[in-house]
Amino acid sequence: MKSFFAKYKLFAIVFLCLSAVIMYLFYNALQPTKMLPVYQPSMVDPTLVDSTLHYKKKYHKIADFSLTNQNGETITQDDYKDKIYVADFFFTTCPTICPIMTKNMGDIQKSILEDDEVMLLSHSVTPAIDSVPQLKKYALEKGVVDRKWNLVTGDKKHIYELARKSYLAVKTDGDGGPYDMIHTENFILVDKEKRIRGFYNGTNPKEIDKLLEDLKILKDSYAENP
């Protein structure tokens, strides 16, 4: 009996290893591929959605925009063509949540610095204050890398309409007038088709970790379906 087992010992080991590999591959094949939702206005807190969009259930995309960055360059969706990006809304003189958000966005920048597929976009909600020189000063202080991260200013109503009707990021009170002021901690993940794929609290480190995990899932989905 001992001689029988000795004779087939190598075969048994190889067979068990091969069986384990096959089981592992079979198990992975049965696991559903992780996919991120495509957010529509009807899926979002109604207080963050313009009343004209409350019942929109499909085809929502970020509207075209034309803004000016920290270098005085005009930034449009052409600059984000075929890019995944993370967007937020801030102002340079904010003493509360914005410094935390900017720090966390800076951490995201470090993670994507060599990734040509991903960019960042921060909109000033006080464009009258955040001139190009002010944005440039802020960018230098915060370590903004120009090729990865645009801080943009422009027409206030245009920016506020983007926040409320495109990014679904802030309450819809006000019309972008001189006394209208938005303040939101939301980071928004946008895919290459200009669709919203995730919302995250930009002041919460765990939410930033979740954003980076979701970013990988989104990137993998493009790799699987180029």
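**Helix packing and overall fold in the predicted model**

Helix 2 and helix 5 run roughly parallel to each other, because an angle under 35 degrees counts as roughly parallel. Their axes cross at roughly 30° and come within 11 Å. In the predicted model, helix 2 spans residues 97-112 and helix 5 spans residues 205-224. The crossing of helix 2 past helix 5 is right-handed. On the side of helix 2, the contact is formed by N104, I108, S111 and I112; helix 5 contributes I208, L211, L212 and L215. By residue class, this contact between helix 2 and helix 5 comprises six nonpolar and two polar residues, with no charged residue.

The two helices belong to a chain whose secondary structure consists of five helices and seven strands. In sequence order, these elements follow the pattern α-β-β-β-α-β-α-β-α-β-β-α. Among contacts in the chain with a separation of 6 or more, 69% are between residues 24 or more positions apart.

The chain has 226 residues, of which 42% count as buried. A disulfide is a covalent bond between the sulfur atoms of two cysteines. With a disulfide taken as a pair of cysteine sulfur atoms within 2.5 Å, the count for the model is zero.

Conventions. Residues numbered from 1 in each chain as written. Predicted model: local features only at pLDDT ≥ 70, side-chain atom pairs only at ≥ 80, totals over all residues. Heavy atoms only, no water. Axes fitted to C-alpha atoms, helices over the stretch in contact; angles between N-to-C directions. Helix = DSSP H or I, 4+ residues; strand = E, 2+ residues; numbered from the N terminus. Parallel < 35°, antiparallel > 145°, perpendicular 65-115°, else oblique. Left-handed = near helix turned anticlockwise from the far one by under 90°. Contact = heavy atoms within 4.5 Å. Nonpolar A, V, L, I, M, F, W, Y, C, P; charged D, E, K, R; others polar. Buried < 20%, exposed > 50% of the residue type's maximum accessible area, 1.4 Å probe, protein only.
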